[in-house]
Amino acid sequence: MLTVLRGGHVVDPATGKDGVGDVWFEDGRIVAPPADGKADQEIDCTGHIVMAGAIDIHSHIAGGNVNTARLLLPELHRGIRARLANTPLSTAKWSTYETGRLYAQMGFTTVVEPAMAPHHSLQTHFELNDVPILDKGALTVLGNDDFLLRQIRAGEPESAINDYVATTVAGTKSLGLKCINPGGCEAFKENMRAYGLDDEVPFYGLTSRQIFQSLQKATQAVGIHHPLHLHMNNLGIAGNIQTALDTIDAAQGLPLHLAHIQFYAYGKEGNNAFSSAAATFADKINANPNVTVDVGQVMFSQTVTISSDVLKQFNSMPGGIPKKGAIFDGDANGGGIVPYNYKISNYYNAIQWAAGLELFLLIKNPEQVFFTTDHPNGGPFTAYPELFALLMSAELREQVMSRLPAEALQFTTLPSLKREYTYYELAQMSRSGAAKLFGFTDRGTLAAGAVADVAVYKESRDKAGMFRRAAYVFKDGDLVVKDGEVSHYKRGKTLHISPRFDNNINKRLDSYYEELYGLPRGIFDVPDAALPHKDAFAEVACKE
């Protein structure tokens, strides 16, 4: 059926459109307007903003850590008690069903889980498959695994490391590579409680710098579009801005993506020895176009921190709110789950909130910085509409700042920043830029040939309300949301890549696994037939 969305304000940075126009689609794809201008279905979008479906590049929605959080925090589940209906996470839920529904209602059509442990990949894919409506993807975690560290310690050629990275990404059916506190999680097992860029991992004699540089090069060499997705050392520690600056220098001009950078934008100024260093960080990012970042914005709410950075999470346990948590080790990273409540009256939380917004407002290129709350670490993804509103309104930011501890405002540049994001800049962050980051050529745009993932919002002064409940959302051309409510459920696909490698690496891995575990390594791979329905996976082409 040929459908036209007529007369809306079309915002599509990928094609340079930013004005009133029409969007046509048929058989699940955007198409050029027909010569006769006639459609089988016409929807009047006058007074509405029309964008491609949004893409979230970093949101923890599946896997062992997410499941542990569900078990740890039953009080945040849907319907647990009527009196909890208005708690901050009452609309975030933790089920796969609710994840798909709530994302879709906000106009999202693609979401990437950024931390899939190789040995847990099959379970992660089962959960991703269970999220309705959305297309999904994941990033495979390496950087603290024994096989890789042995390779680097032995001085193996880059080609061998490249093959290991490629076969692991291909076998786990992911979109690329994530590295979490490289070496630090392994060092934690040897009782280290702090670990920096040039500290050595006991037994291996390797530094974090060596590990991430090896993975960074390998990611480029095997044709993965998305740069190495790096969770740096010293997350959340006062003065960690120096770690962040040194890491960018260590990238040596190669592509690198830094995750949830708000948690690294801290100085040591003031009586509390904790200040925002976001302005310094933003200057560094602006001067290094090889680096992309996502922010990990803190939003004032009860949430739970989820991370494979077990060293950091272990150190965070005493500050958990409520006082409970879980830490477990694995072959590589393991996981840590610690609840936390970000409070507007808390000096440290106020600095974190301000630092994230500073980064958004001071980084010049909207396709170099990506919105995230590092769901759920800085806040639930359901807070995105409020975040968009803050970026679009200096007045709204001032209203919130008036409630912050006065001393916190002395150690942030946020009060002086009057920039307000436009619809076009929001679309660059959440559509066109996100698509480029992963090498998606079929989404993040309304160009002819793209999948018909379209979000339509009724324009309003209430930006948070506008982005929370889309007027229409189409997924592959099917109407899935109308007037802010899901009207139709369908099954999305799981996106993955198939990087190239020499198959001899698998013979080595089979021998390694047989010797260490008495198991064939192939039992951890995710075959095409793993998911219970046909065409569950869709391959994204690698770089040539």
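Modeller: A charge is said to sit over a ring if NZ of Lys or CZ of Arg is within 6 Å of the ring centre and within 35 degrees of the ring normal. This is a predicted model, in which local features need pLDDT of at least 70, side-chain atom pairs count only at pLDDT 80 or more, and totals for chains, interfaces and linings use all residues. Residues are numbered from 1 along each chain as its sequence is written, and side-chain values use heavy atoms, with hydrogens and water left out.

Colleague: Over the ring of which residue does the charged end of Arg193 sit?

Modeller: The charged end of Arg193 is 4.7 Å from the centre of the ring in question. That ring belongs to Phe314.

Colleague: At what distance from the ring centre of Tyr421 does Arg419 lie?

Modeller: Arg419 lies over the face of Tyr421. Its distance from the ring centre is 4.4 Å.

Colleague: What span does helix H17 reach from its first C-alpha to its last?

Modeller: Helices (H or I, at least four residues) are DSSP runs, numbered from the N terminus. The expected span of a helix is 1.5 Å times one less than its number of residues. H17, residues 504-517, has 14 residues, for which 20 Å is expected. The span in the model is close to that, at 20 Å.

Colleague: Within what arc do the buried residues of H17 fall?

Modeller: Buried means under 20% relative accessible area, exposed over 50% and partly exposed in between, with a 1.4 Å probe and protein chains only. In H17, the buried residues are Ile505, Asn506, Leu509, Tyr512 and Tyr513. They line one face of the helix, because the directions from the helix axis to their C-beta atoms fall within an arc of 120°.

Colleague: Which exposed residues does the face of H17 turned away from its buried side carry?

Modeller: The buried side is covered by parts that include helix H4 (146-153) and helix H5 (158-171). The face turned away from it carries Lys507 and Glu515.

Colleague: How many aromatic pairs does the structure hold?

Modeller: Rings of Phe, Tyr and Trp (its six-membered ring) pair if their centres lie within 6.5 Å; planes under 30 degrees apart count as stacked, over 60 as edge-to-face and the rest as tilted. Phe203 and Tyr204 form an edge-to-face pair, 5.0 Å centre to centre with 75° between the planes. The number of aromatic pairs in the structure is 26.

Colleague: Is Phe203 buried or exposed?

Modeller: The relative accessibility of Phe203 is 63%. Phe203 therefore counts as exposed.

Methods: Helices (H or I, at least four residues) and strands (E, at least two) are DSSP runs, numbered from the N terminus. Contact means heavy atoms within 4.5 Å.
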